[in-house]
Amino acid sequence: MCSIIGYRGPRPAARVLVGGLRRMEYRGYDSVGVATGSGGRILVKKGVGRVDGVNDSLRLDALPGHAGIGHTRWATQGAPTGANAHPHASSGARVAIVHNGSITNFEALRGSLEARGHRFASETDSEVIANLLESELGGEGGARGAVMRTVAALEGHYAFAALLDDGTIAAARRRAPLIVGVGDGEHYVSSDVLGFVEYTDDAIYVGDGNIVVIDGGGLAVYGADGAPAEARVTKVSRELAGIYKGDYAHYTLKEISEQPTSIIGAGGDERAIAAAARAIAGAKTVYVVGSGTSHNAAIVAKHLLSAHAGIRAEVIVASELPVHAHSLSGGVMLAISQSGESADMLEAARLASAAGVSVVSLVNHPSSSLARESAQVVRINCGPEIGVAATKSFTSQLAALHRITAELGGPRVDMAAVSRALAGALECDRRARGVAAGLRDMDDVYVLGRGVHYAIASEAALKLKELAYIHAEAMHGGELKHGPLALLDARSRVIVINPPGPTHEDALSDAAKIRARGARTIGIDTADAGEYDEWLRIPECEGWMYPLAEIVPAQLVAYYTALERDTDPDHPRNLAKSVTVR
Ligand code: G6P
């Protein structure tokens, strides 16, 4: 996934663009670049590395001009090199483009453009957009016509912004986010409101398939057929502009630490919760779908629906849904996605809708593509999550799921009590650092849980992989004897997620078996039960709240292990916050 940004207005464009790219760096960060228009020419600077590093050496923000585009890249087609970094200029230098997405027919397009004399300087699919656009510029309809003909030739999904040598910014989207910021005599285009919210909170969420042109006459939005399209200005929260790490070393730690407050709004308004619960209760089949952390929340959802509402739900990894698409018919898909922009999830939702399955989404971004395509939307409301590894969004997903199951007969949700439980769990910070020091040189870590706690074990293992680059594997306690025991020896570390409740005794006996093989156990429990070599305390609370509390020590351990191993927790290598390519 990448971020794109564009600006045209009275401010020095390059400074605006670099600031916006810095805020959107969570979307991709292996290379960065900016192009501005000045005196009828397009100037491009780009390099490999993070925004601040490249800007320090190349002074991207010193490029002159009042119109420009910028990009941070997460490589998909073509390695992260300077040549593959965006912006890409057309071979006649009349156009530069930045692109997020994937053009699936780029090889054919490139072949025909080369035959017509266009030269290519990168291995990317994106460069064809610049050359196609340039080849169409002389035709009818000015920039609008050129973009219309360009997008008609493209297959795949994209959001791109182009800078023309006369200072026009043109942009288009198909199944990738594109938002216009409307300021006073100035306009922005961006993958995320974070790109411009420092300057304006008036935003237009560009409709799928639409085209944007920003020139001396202002802003115009068109449909793919060139007819004027709806461009409704909505207010986005100014609070977003205040996203900064404060005293925290990393966004990841800030977001772990703010869970006692970020949880409070989980689920949003009563009516949306009640409507979602009604849809689920009335459904013949319930599919719960998600990727990564959201998939782990989906496993929790299955447990909650079964335990509290007697509803049997099927959990499907979003990328696997196409495999099952032929057997979907009717029912409800509970689509869990923090961003609401993961490409696998959007495809899953599209297939489900086509099969007559009603999509109820659980998202953090109410204006995301998924939310806009869902029959019903429940908001997790945890505020912007910048750390690439999901932390606070997970606990808010679980809390929102609890609110839905409360409507179906589950325990009443007292969010203040949940908040206290999370605050209590954060108190293990010092011990978590100690555990992390012991994991520094480990190659493999196992995380054991039984029942619903297996889902949390799976999330804990994911955090260790993402943040600390440790091979971590979740296991069902009962499965220990069916294979994993063979792996254990004195070098093994096993985190045992074991709060009070029906699975406690069995998981304790799992811990005893693990220790008998010489491996060390790290218990996450309300008390030091005697079978733990190290112990991370969680506070006593109502039984249903434990999954929310017990992930917190695991998040802290993963974060501190990342520091021990000298990795950057906010920007794990090879990962992106939301993956908008399939
Ligand atoms: C990426 C992120 C994960 C996230 C997953 C699903 O892989 O790195 O942290 O859990 O996408 O994202 P979503 O926005 O759909 O929940």
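For the classes used below, Ala, Val, Leu, Ile, Met, Phe, Trp, Tyr, Cys and Pro count as nonpolar, Asp, Glu, Lys and Arg as charged, and the others, Gly among them, as polar. The structure is a predicted model, in which local features need pLDDT of at least 70 and side-chain atom pairs count only at pLDDT 80 or more, while totals for chains, interfaces and linings use all residues. Residues are numbered from 1 along each chain as its sequence is written, and side-chain values use heavy atoms, with hydrogens and water left out.

At Val 388, a polar backbone atom is 3.2 Å from an oxygen atom of the ligand. The protein covers 90% of the 390 Å² of accessible area that the ligand has on its own, with areas from the Shrake-Rupley method and a 1.4 Å probe.

The ligand sits in the second largest pocket, a placement that requires more than half of its atoms to lie within 2 Å of the grid points. On a 1 Å grid over the protein atoms alone, a pocket is an open set of points with protein on both sides within 12 Å along at least five of seven lines, whereas a cavity is a set where a 1.4 Å probe fits but cannot get out; lining residues have an atom within 4 Å of a point. About 560 Å³ of space lies in this pocket, a volume being the space filled by probe spheres set on points joined across faces, edges and corners. Its lining comprises 28 residues, and Ser 291, Gly 292, Ala 576, Lys 577 and Val 579 are the closest to the centre. The lining has 11 nonpolar, 13 polar and four charged residues.

Three cavities of 30 Å³ or more are found in the whole structure. The largest has a volume of about 70 Å³, and its lining includes Cys 2, Arg 73, His 86 and Asp 125. The second largest cavity, of about 50 Å³, is lined by His 157, Arg 175, Glu 341, Ala 343, Leu 346, Thr 580 and Arg 582, which divide into two nonpolar, two polar and three charged residues.

Two backbone features were also identified. A cis peptide bond, with omega of about 0°, joins His 86 and Pro 87; Pro 87 is placed in the loop between β4 (67-73) and β5 (88-89). Asn 381, although not a glycine, has a positive phi of about 55°.

Methods
Polar contact = N/O pair within 3.5 Å; in protein donor to acceptor, adjacent residues only side chain to side chain. Helix = DSSP H or I, 4+ residues; strand = E, 2+ residues; numbered from the N terminus.
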